[in-house]
Every structure is written in structure tokens, then in C-alpha cells.
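Biologist: Please take one part of this model and go through it closely. I would like the sheet, strand by strand, with the cut-offs behind each term.

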Amino acid sequence: MMKKSVWLLIVLTCVAVAASAWAQTPSWHYPVKPLTLEDRSDFLALTTLESLISADYAPYHLVDLRLRKTGGDMQLRKEAAEALTRMFEAATEAGFTLYVKSAYRSYQTQKTMYENRLERYGRDDGVVAYPGSSEHQTGLAVDVLNYEWTQQDGMRPEFAKTPEARWMFDNCARFGFILRYMEDKQDITGIIYEPWHFRYVGDEVAAYIMDNHLSLEEFTTEYQQAIAAYEAAGGDFVLLCKRERELPPPLLLNEANAEGDSEVSLFYQEP
Ligand SMILES: [Zn+2]
């Protein structure tokens with residue numbers, strides 16, 4: 001027969017081992033939510049010469065833009081189109097008039113543009129992106145100008161000096177957009193400074209990227225490192241996202257505040 005104290009020691013050891021195993025599930029410290037980074041909607045997709053879009057890729061749920069524009073029909077993915085509409089409304093309220101210059105482009109359109117440019121100048125001068133490497137093929141990127149620049153042939157970095165460009169730079173993140181090709185990131189993006197080219201990434205990431213003045217390339221490296229660090233510490237990112245998705249549905253409560261106004265509160269029930 002073992003003594004009581006030995007049993008107690010065994011039980012305590014088991015509890016300690018179990019507790020330490022539990023403690024090994026690391027907590028998530030990166031300031032962007034795991035589910036955002038899991039990116040099921042492809043809002044964070046990096047489209048570059050190193051990660052080309054395939055010729056048969058077509059973004060889902062493209063919708064027509066009902067905004068001032070320089071040409072005929074233009075489309076963006078639904079979420080980006082709605083966000084851009086809100087951005088145009090806010091610009092109008094601030095006293096600025098914006099015009100869409102270019103939105104979604106198919107692989108074929110990009111290919112034709114690229115070949116025309118090549119024919120005209122005899123070389124790839126970097127102005128028109130190689131087919132498959134243009135963000136416009138994702139349906140999440142848009143070129144926006146003011147009236148003055150819609151009247152000019154071509155777009156140049158000097159557009160940045162206009163009040164419209166300044167307003168967009170300062171406010172785009174509020175609508176889920178980032179300035180994709182910043183002046184001081186050209187060596188990272190491989191693309192010239194494009195103060196007119198905005199890319200939809202969603203509110204949370206847009207705020208993080210613009211607050212921290214990052215390129216999408218830098219952000220991608222950063223969050224991939226955060227996921228790798230989480231897994232190196234014993235976490236399972238896929239499982240973490242699965243758990244976050246499986247939070248119980250929010251309870252909808254109708255409450256009245258002191259003034260008698262109806263107020264809707266959302267909160268998660270403790271499991
Ligand atoms: Zn563009």
C-alpha cells in the first residue's frame with residue numbers, strides 16, 4: 001500500500017502536468033485578428049510578379065460602380081465597390097469630387113494593354129503591369145483621380161500634390177483601402193509611386209497598414225511571421241481560427257437606455 005502522501009504527490013503532479021500542457025497553448029499577440037489573417041475572402045492576396053494571378057482567374061461577385069468615372073462600365077468586387085461608394089460620399093461632404101479612372105481588369109484586358117505599350121515603346125517601361133501581376137485583376141484595386149487629372153494623358157506622381165490625393169491618403173483607411181504603392185516603398189513593391197491607386201483590404205488591415213506606414217508586402221511578411229511564431233510556441237493557427245469561428249452566436253438584446261432610446265447590444269455568451 002502506498003502512503004497517502006505519495007498518492008497526493010502523484011495527483012498533484014498530474015494536475016501540474018495538465019496545467020502546463022494547457023499553458024502551452026500560446027495566446028495571440030499580433031494586433032490583427034486571426035480570422036482576418038485567415039483571409040477566407042482573399043482580401044489580402046498579394047498580386048506581384050512573384051505571385052502572378054492565373055489567366056483563368058475571375059474574382060467572384062463583381063458589381064458595377066455607380067460612381068463618377070472617366071469611361072464606360074467599371075466593376076469591383078462587391079465589398080470594395082460598397083466601400084468606394086462610401087469613400088466618394090465622404091469626399092463629397094469634405095468638398096472634393098473624385099473620379100474612377102480604372103477598376104477591375106480581366107487578364108485579357110491587362111494582356112492587351114501590356115502588348116500595346118510594348119509595341120508603342122519597344123520595351124517594358126514598367127508603366128503597364130505584366131499580365132497576371134496587376135492588382136486590377138483581383139477586382140479589389142481602383143485608380144481614382146480628380147477632375148483636373150482626368151483631362152490629362154496619363155497619370156504621374158505629381159497627382160499626390162492635389163488636395164484630392166491628400167484627402168484620399170488621409171482617409172482611405174476609414175473605408176478599408178490602402179495606398180498600395182507608396183513613394184518610399186518603391187524598392188519593396190517594384191512599382192512606381194502611384195498616389196491614385198487604392199487597394200481594398202478591409203477596415204482592420206487598412207487601419208493597421210496606414211497607421212504603421214507599411215507596404216502590403218511588408219505587412220504580409222509581418223503577419224506570416226506572427227503566425228509562424230504562434231506555431232513555434234506550440235499553437236495551431238488553423239485550430240485557433242476554427243475556435244474563433246465557432247464562438248456561440250451573439251445574443252441580440254433590446255434594451256432601453258435612460259433616455260428611453262432603444263439600444264441594441266451584442267455580446268458573446270460565456271461558454
Ligand atoms: Zn492602378
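Modeller: Two strands count as paired if DSSP finds at least two bridges between them. Strands (E, at least two residues) and helices (H or I, at least four) are DSSP runs, numbered from the N terminus. This is a predicted model: local features need pLDDT of at least 70, side-chain atom pairs count only at pLDDT 80 or more, and totals for chains, interfaces and linings use all residues. Residues are numbered from 1 along each chain as its sequence is written.

Now the sheet. Four strands form an open sheet, ordered β3-β4-β6-β5, with antiparallel pairing. β3 (99-102) and β5 (177-179) stand at the edges; each has a single partner strand, so one side of each is left without a neighbour in the sheet. From one strand to the next, the twist averages 40°. Angles run from 0 to 180 degrees between N-to-C directions, with axes fitted to C-alpha atoms, for helices over the stretch in contact.

Start at β3. Three bridges pair β3 with β4 (residues 141-145) in the antiparallel sense. Here V100 lies opposite V144 of β4. Next, β4 joins β6 through three bridges, again antiparallel. A141 stands opposite R199 in β6. Last, β5 pairs with β6 over three bridges, also antiparallel. L179 has F198 of β6 as its bridge partner.

Helix α3 (residues 78-93) lies across β4, β5 and β6, at about 125° to β6. Contact means C-beta atoms, placed from the backbone, within 7 Å. Both faces of β6 are covered: H197 and R199 are buried on one side, F198 and Y200 on the other. Buried means 20 or more other C-beta atoms within 10 Å of the residue's own, these too placed from the backbone; exposed means 12 or fewer, and partly exposed lies in between.

Terms used: Two residues are in contact if their C-beta atoms, placed from the backbone, lie within 7 Å.
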